[in-house]
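Visitor: Hi, I'm new to this one. Could you show it to me and walk me through it?

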Amino acid sequence: MNKAAFLYSQNQRLNSIERVFAPPKLNMIIVDQNKPEEDWPIVDKLTQWDLLLTIEKPTEANRPL
């Protein structure tokens with residue numbers, strides 16, 4: 001491959017790259033079931049960029065001794 005062909009191929013690769021001007025907003029929502037429901041965060045609609053973490057109440061099987 002000569003230099004002109006190499007530069008042409010690199011130019012084509014650079015032209016195909018797009019810059020993201022508005023990256024998505026990442027959210028982490030924590031729901032602790034050990035607290036009353038009034039203290040839970042209000043979640044209207046989840047998107048693909050939201051992480052929902054639910055802390056469950058302890059059961060007999062996973063309680064410390």
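This is a predicted model: local features need pLDDT of at least 70, side-chain atom pairs count only at pLDDT 80 or more; totals for chains, interfaces and linings use all residues.

Visitor: Thanks! Where is Gln-33 found?

Guide: Gln-33 sits in the loop between S1 and S2. Strands here are DSSP runs of E with at least two residues, helices are runs of H or I with at least four, and both are numbered from the N terminus. Residues are numbered from 1 along each chain as its sequence is written, and side-chain values use heavy atoms, with hydrogens and water left out.

Visitor: Why does Gln-33 count as partly exposed?

Guide: Because its relative accessibility is 29%. Buried means under 20% relative accessible area, exposed means over 50%, and partly exposed is in between, using a 1.4 Å probe and protein chains only.

Visitor: And what does Gln-33 touch?

Guide: Not counting residues up to four places away in sequence, Gln-33 touches Trp-40, Thr-54, Ile-55, Glu-56 and Lys-57. Contact means heavy atoms within 4.5 Å. Gln-33 and Lys-57 are 24 residues apart along the chain, with their C-alpha atoms separated by 5.8 Å.

Visitor: Let's move to Asp-32. Where does it lie?

Guide: Asp-32 is in strand S1, which covers residues 27–32. Leaving aside neighbours within four places in sequence, Asp-32 is in contact with Trp-40 and Ile-55.

Visitor: Is Asp-32 buried or exposed?

Guide: Asp-32 is buried, yet has no salt bridge. A salt bridge needs a side-chain nitrogen of Lys or Arg within 4 Å of a carboxyl oxygen of Asp or Glu. The nearest side chain of opposite charge is Lys-35, 4.6 Å away. On charge, Lys and Arg count as positive, Asp and Glu as negative, while His and the chain ends are not counted.

Visitor: What about Asp-50, which strand is that in?

Guide: Asp-50 belongs to strand S2, residues 50–55. Asp-50 is also buried without a salt bridge, and Lys-25, the nearest side chain of opposite charge, is 8.1 Å away.

Visitor: Which side chain does Asp-50 join in a polar contact?

Guide: The side chain of Asn-27, at 3.1 Å. A polar contact is a pair of N or O atoms within 3.5 Å; within protein, one must be able to donate a hydrogen and the other to accept it, and residues adjacent in sequence count only if both atoms are side-chain atoms. The Asp-50 side chain also reaches the backbone nitrogen of Thr-47 at 2.9 Å.

Visitor: How far is Asn-11 from Ile-55?

Guide: Their C-alpha atoms are separated by 50 Å, and the two residues are 44 apart along the chain.

Visitor: What box do the C-alpha atoms of the chain fill?

Guide: Roughly 70 × 30 × 10 Å, taken along the principal axes.

Visitor: And how many of the residues count as buried?

Guide: Of the 65 residues in the chain, 6%. Asp-32 and Asp-50 are among the buried ones.
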